[in-house]
Amino acid sequence: MFKNSIRTRLMALVLLASVIPSAISVTFSYLYTKESVTEQSVKQNTKLLTLGEAKLSSYFNSMNQRAMSLYSGINVPSSFYTVLLTSKSKQDATPGSAVPDNRAVISTQLSNLFLSDRNTFQIHLYVRAAQQSNLLRGGYFRQEANSRYALGEHLDGTYRPYIEVTHIEHQYGIRSGFPNLKPGIEPVFTAHFPIYKTPSSDVLADLSIDYRLAELEGIVKSMYNSDTERLYVLNDQGQALFASDPDWIGKPVKAGWSQLPGNSGSGHFTWKKDGFKGIVMYRHIEDPLFKGSIIKLVPYEDLYEDARVITRFNTGIGILFLLVGGISAVLISIGFTRPIKKLISFTQKVQIGQLDARMDVEREDEFGLLTRKITGMTRTINDLILNEYKLELANKTNQLKALQAQVNPHFLYNALQSIASLSLRYNAPKVYDLIYSLGSMMRYSMNTERTQVPLSDEIEHVQNYVILQTERFGEENLRLDVDAEEEALDVVVPKMILQPIVENIFKHGFADGIQGGIISISCALDGQGRLMLAVKDNGKGIAPERLEAILAGLAENGRTEREEIGLYNVLARLRLQMSSGAQLLLSGNEDRGVTVTLLIPLGSI
């Protein structure tokens, strides 16, 4: 009782007047801040990724420019390019002639190339004609025959300049060691350049330059916050040139967010799988040396930190309003509900039968007026109670008489069964079929316990009805065609939705007589998850203006006349028991007759 009192409700109202505005303010503030922060973060990170992509492209372009410098002495005798052009292996040399010593030229050129970039770790040049490897590392130069060396095919199946993603450095198959330099400990990425025999596409040598990660990491780290965010530079095959995760070197990135939606430009999308919840921002890189993407992962935890701080601040203000409102609610409700308590005491006396109880009226406000009205009402309550008992007794008497006048449906059905059995005894199977159909219809319609039935039962009921009508009009004048899908027959529908439609056909479509009459019923499930029931006849049809009036009546919640009441009844029961989206469509056929179509959505009720 306490929870339903006016005092409680008044206190709740005052509290809600404080809580609801605060809650709405906190909610909208959080949502707006969250949206604003997200939009600002997307813009800021898009600029960072664009700037980072430009720096990477410039970095890769400088590598390409340094490699192109090897073609500078293309027409100069004894130049690096001429040495490559005239190189031969010992097996291809003319007997008795010496193989030219190209060691000095190659080492000088590789040294110049090595010193042009402080991040260069080592340079390997493989001369194909001489099957010769030349490796410059840490100021040491090694040259030896290396027939086993074979440059791996480019990732897209061609051989052009490209960058091999980060890996642990190696000596390209050279067996000679380097003093105080142990291989296999330094992470590097490699730029591979074929040196062509211009102007043809024949390759004279393969140049591979290993770069330390210092400058690459410097460019990449300017694009993300290493404490909270993650960033990856992946090639088209999903291999990492750089990744912010520890121990990433040599491991492919297979997370679902690495499958970007586009092949060019930039964009972003949300992701909540693979141990990450946040926004994935990306930008594609299209460079002659490297084609891939920069992917940045910004977690929600970091992105919405400011929004959470503002929300906590607003929540504190809301709690303060709640305390003030609570104190105000208690004081107001006590002063407001004191006269109500007296009125409740008076009504309790009336409740236990003291209809002559009275209460002194001391107030002239709304409470005083209410008290006088209630006192006056008690003088008529007794008379109203007596009249109510009399009416209830008369109602029960009428119900008893109605029950006595009813015919037991089971007795009537059993009697029909006995008559049908007697017709078989006197060799009248046709009479038996008609009585059986009539009995089935009566049992189907009188069974009030089943309000919904499988569609197959509803069709069987219609068939029994048409059997009786066929006997009336003749088999040569009436035919029923049923085309139903197996899946549709199992759908449970309200009872008596097809028979009223078929009955209308006899009342109006065949009102002038039947000759060659055909009634077609089709049942199917369409592609939108709806049950489609169509009842078609070849009767006299319906005038366009009459059809428009019927459809208008159905659209106005059943304000129809005469026979359309049955149609609206069918539509109303479908919408009540199946789906509010159920439709009843009425259309005239091109030749003659009318088609009534029921569309029943099966997904929602």
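Phe510 is buried (under 20% relative accessible area, with exposed meaning over 50% and partly exposed the range in between, for a 1.4 Å probe and protein chains only), its relative accessible area being 6%. Phe506 likewise counts as buried, at 10% relative accessibility. The model is a predicted one, in which local features require pLDDT of at least 70 and side-chain atom pairs count only at pLDDT 80 or more, whereas totals for chains, interfaces and linings use all residues. Residues are numbered from 1 along each chain as its sequence is written, and side-chain values use heavy atoms, with hydrogens and water left out.

Rings of Phe, Tyr and Trp (its six-membered ring) are taken to pair if their centres lie within 6.5 Å, with planes under 30 degrees apart counted as stacked, over 60 as edge-to-face and the rest as tilted. The count by this rule is 13 aromatic pairs. The ring centres of Phe506 and Phe510 are 6.0 Å apart and their planes stand at 75°, so this pair is edge-to-face. Elsewhere, ring pairs join Tyr59, Phe60, Phe189, Tyr211 and Phe290 into a cluster.

Helices (H or I, at least four residues) and strands (E, at least two) are DSSP runs numbered from the N terminus. Helix H1 spans residues 6-68 and contains Ile20, which counts as partly exposed at 41% relative accessibility. Together with Leu16, Ile24 and Phe28, Ile20 forms a nonpolar patch on the surface, with about 390 Å² of accessible area in total. Such patches consist of residues with over 30% relative accessible area and no salt bridge, like charges being joined within 9 Å and nonpolar side chains (Val, Leu, Ile, Met, Phe, Trp, Tyr) within 5 Å; accessible areas come from the Shrake-Rupley method with a 1.4 Å probe, and for residues only the protein chains shown count as cover. Ser62 is also found in helix H1 and is partly exposed, with a relative accessible area of 24%. A polar atom of the Ser62 side chain lies 2.6 Å from the backbone oxygen of Tyr59, while the C-alpha atoms of Ser62 and Asp117, which are 55 residues apart along the chain, are separated by 9.5 Å.

Strand E1 (residues 120-127) is largely enclosed by the rest of the structure, because eight of its eight residues are buried. Strands are considered to pair if DSSP finds at least two bridges between them. E1 pairs with strand E6 (residues 203-211) in the antiparallel sense over seven bridges, with Ile123 opposite Ile209, and six bridges join E1 to strand E2 (residues 132-137), again antiparallel. E1 and E2 form a hairpin with four residues between them, and Gln131 in the turn has a positive phi of about 50°.

Eleven salt bridges, each a side-chain nitrogen of Lys or Arg within 4 Å of a carboxyl oxygen of Asp or Glu, are found in a search of the whole structure. One of them joins the side chains of Glu53 and Arg283 at 3.8 Å, N to O; this pair links distant parts of the chain, with Glu53 in helix H1 and Arg283 in strand E10 (residues 278-286), 230 residues apart. In another, the closest N and O atoms of Lys296 and Glu229 are 3.2 Å apart. Lys296 lies in strand E11 (residues 291-299) and Glu229 in the loop between helix H4 (214-221) and strand E7 (230-235), so the pair ties together parts that are 67 residues apart in sequence. Lys296 is buried at 1% relative accessibility, and Glu229 is buried at 11%.

Notes:
Polar contact = N/O pair within 3.5 Å; in protein donor to acceptor, adjacent residues only side chain to side chain.
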